Amino acid sequence: MLLTSCEKVLDKVDLGAANPGLVFGDSTLANLNLSVIYDQNLPGWAGQGNIGLNNVNPSNLSDECANTNASSLEAKLLEGSLQPNDIQDFGTGLSATNNYGKIRLINTFLRDANRGSLLQGTKNRLRAQAYFFRAWRYFDLVRLYGGVPLITKPLDAVGEDARAAAYLPRNTTAETFALIKSDLDSAIMLLPGRWTAAEWGKITKGAAAAFKARTLLYYASPQFNPSNNSARWQDAYDASKQAVTILSANGYSLHPSFDQLWFTESASNQEAVMITGFNTATGDQVRKPNGYDNSARPAYTGTGGGSWQPTWDIVSAFPMLDGKKPGQSTKYSYSQQLFYKNRDPRFDKTIAYNGATWPLNGNNSYKLWTYLEKGKSVERTATNTGFYTRKAINPTVATGDAQYVGTDWIEIRYAEVLLNLAESACGINRLPEAYDQLKAIRKRAGIEAGADGNYGLKAGMSQAEMLEAILYERQIEFAFEGKRFWDLRRHKLFESTLNNKRRRRVEIALKTTGVPADFTTTRDNVNLDKAYTDYFDVTLKDIDTRTTLKWDSKYYFFGLPQQAIDNNPSLKQTLGWPGGSFDPLQ
């Protein structure tokens, strides 16, 4: 977006020297300025880049994947050795690319757009998009730290008065969420329900409503709401209902295919509520690959890196075909040896495992083999866990072109809107409504309806059971989409889910006896059940070998970097951290 029509614009005016009156008297120039805000703030795949936790892969911060590098941020978080300066998202200096640098640009845009000579309707649409992204930035900050200083206009950059004015204390968490809600209400009021086909990807009224529902759901969750204030759940429910109403009126719904929804890249994708656009452009166009496809696929299939490797924990979590958890189904038996059999159809569309048929590089019959033979992997570059992530990996990409894949990232899917509604409905004890959303998600997934039409859900669940079922559904539906870490954190479930445990991987080894001599050349045609039963040993091993996981409860609100406090004497450190006195629950 940043460089759309760039040559024509630069022929007219030097943007670096343009004054606000000139820029915001020309809709093309104004939209070019707005495109910078989009480019700075839209997240990358799974929320990486431009938002949260130093841009690390959020899947490595939960039980989905695992980075075992002892010095990594992931290890420090999950092993309890994090220091205040390790989380740098607050910003520690003057920079156009940290959170407050981006907020300054947004505030400047809001001010100058209002002063320009464009038609009021054009101004409103421009400002509404900027309001959305200011809310986006403050949400990033509040979910990390709790309340932060709220700046709603560009501050003077020089002079002693400016320095004094910049010594702002932290606003309360309640005040921070109130500003987020206010900005999103303004965006909802002023944005269109749909843009033209050529403008697909811009923030819509429905995207603003969906994001508002997400933020208020966080505010109602135990991280921010330990006393379980029912009014917050009601607010989240009302916002979710508003989002569903607006989106439905504008043609949004669940995509019919759980896996193909990633490859419908136009306004016809009814599930894509908020996207980050990528492309495979060549020639004079600006190429913007997503990076995810290249890093996730096996390294030997092209230029991939195989760095999104599922743990056994997420692999074993998927339900059976009837929607029951493994070991709880009376229709489908489950065994560790034949772990892939009769699973929720989302399993095969999310997890690539030893012997799986996985169309890659245009080969629709390609089979993935990750087993060990005589202690050595049959892969040229082996997965560390025994698995790969196959969600949203484009099967048609030619060998060597994975680095150029431009599949768009869908930050907010309609499925999330429904599950946010389910969770907030559960929060106010409207359990039948929560059931409806879960059944819609499971029906689309391909889970069997069952005689009771509940798609494997237990009938007559209590409120606590329903919440557990919703979080379980989110774990499966959004696997490797960057949401699991945040769900565990906002519900304060790290201690019960991961602490004193070790994440696991699978080691699949070819037996030394009883295996046909020509297995290597005939394996693609061998019945997979027979291969696993007669030819493979399946062993679980620990990924976390140094220590069991030790998430520290103070990580539910991170400490500010010490340099930020040194720069601004009005800032108070977060309670629970050395010298902390700021209460993030206020």
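**Side-chain pairings up close**

Tutor: Searching the whole structure turns up 46 aromatic pairs (rings of Phe, Tyr and Trp, the last by its six-membered ring, with centres within 6.5 Å; planes under 30 degrees apart are stacked, over 60 edge-to-face, the rest tilted). Take F339 and Y353: their ring centres sit 5.8 Å apart with the planes at 80 degrees, so this pair is edge-to-face. F339 belongs to the loop between α12 (312-315) and α13 (346-350) and Y353 to the loop between β2 (351-352) and β3 (372-373), so the pair ties together parts 14 residues apart in sequence. Helices here are DSSP runs of H or I with at least four residues, strands are E runs of at least two, and both are numbered from the N terminus. F339 counts as buried at 0% relative accessibility, and Y353 counts as buried at 6% (buried is under 20% relative accessible area, exposed over 50%, partly exposed in between, using a 1.4 Å probe and protein chains only).

A word on the ground rules. This is a predicted model, where local features need pLDDT of at least 70, side-chain atom pairs count only at pLDDT 80 or more, and totals for chains, interfaces and linings use all residues. Residues are numbered from 1 along each chain as its sequence is written, and side-chain values use heavy atoms, leaving out hydrogens and water.

Now the charges. The whole-structure search finds 39 salt bridges (a side-chain nitrogen of Lys or Arg within 4 Å of a carboxyl oxygen of Asp or Glu). In one of them, K212 pairs with D185, the closest N and O atoms being 2.7 Å apart. K212 is in helix α9 (residues 205-220) and D185 in helix α8 (residues 173-190), so the bridge ties together parts 27 residues apart in sequence. K212 counts as buried at 9% relative accessibility, while D185 is partly exposed at 28%.

Then look at helix α15. R444 and E271 meet in a salt bridge at 2.7 Å, N to O. That pair links distant parts of the chain, with R444 in helix α15 and E271 in the loop between α10 (230-249) and β1 (272-276), 173 residues apart. R444 and E271 are both buried. R442 bridges to E473, again with closest N and O atoms 2.7 Å apart; R442 is in helix α15 and E473 in helix α16, 31 residues apart. Both of these are buried too. Salt bridges with shared partners join residues including E271, R442, R444 and E473 into one network, with D344 and R346 also among them.
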